[in-house]
Amino acid sequence: GSKKWGMTPYPLIAKTDAGSLDTTIVLPFEETRDNRLQVDLKTKEVEFVAKLESSVSDFEQVKLIINEKQVADGLRKKMKVVNGQEVEVHVQVKYAGSEYTTEKKKVYVKMNQLTMEVEVAFSEEIEKKLTDQARQKEDKKKAAEAEAAKKAEEVRQQAERQAAEEKEREE
């Protein structure tokens, strides 16, 4: 007789660069030949690219966090993972002396995918704080530029007065 195998998910536990993999997999029993089933669970190198959506871009520091582990200074990292692996991505930045973290985004590694672009964003509350700090930073910069221009004008006027006084003494 024949036995029908259902679409039963089986646990899969492994370790990859992105941390422990604890997931389920549905085995393709329809591909069984001579009472053997070959399942390919090899790791593959995938480049993770975080796309950070924010009105602010001149961060002092950017860290890519995958599965609660800092994996890169920046928004890109190549890592070995397994097809079907669940990966949680977020970004931590430093701006104006404070650290901010994006919301976490879960993605699954897909077959034949060598680059995974993951869009991450800050919560509305954090985005507002960043925007306010950026505005304050810009206001301080403008005030400093205005002060420097004012001092330069004072120096120029003083130099003109000194030149005029010297000319009067010579006459």
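## Overall dimensions

The protein chain has a radius of gyration of 30 Å, but a compact globule of 171 residues would have one near 16 Å. This radius is taken over C-alpha atoms, and the globule rule is 2.2 Å times the number of residues to the power 0.38. The C-alpha atoms fill a box of roughly 125 × 30 × 20 Å, taken along the principal axes.

This is a predicted model: local features need pLDDT of at least 70, side-chain atom pairs count only at pLDDT 80 or more, and totals for chains, interfaces and linings use all residues. Residues are numbered from 1 along each chain as its sequence is written, and side-chain values use heavy atoms, with hydrogens and water left out.

## Strands and helix

Along the sequence the pattern is β-β-β-β-β-β-β-β-β-β-α.

Helix 1 covers residues 124-170. At 1.5 Å a residue, its 47 residues should span 69 Å, and its end C-alpha atoms are 69 Å apart, so the two agree. The expected span is 1.5 Å times one less than the number of residues.

## Burial and packing

Buried residues (under 20% relative accessible area, 1.4 Å probe, protein chains only) make up 27% of the 171 residues. In helix 1 they are Ile 126, Glu 127, Leu 130 and Gln 133. These pack against strand 3 (43-53), strand 7 (86-95) and strand 8 (98-101). Contact means heavy atoms within 4.5 Å.

Conventions
Helix = DSSP H or I, 4+ residues; strand = E, 2+ residues; numbered from the N terminus. Buried < 20%, exposed > 50% of the residue type's maximum accessible area, 1.4 Å probe, protein only.
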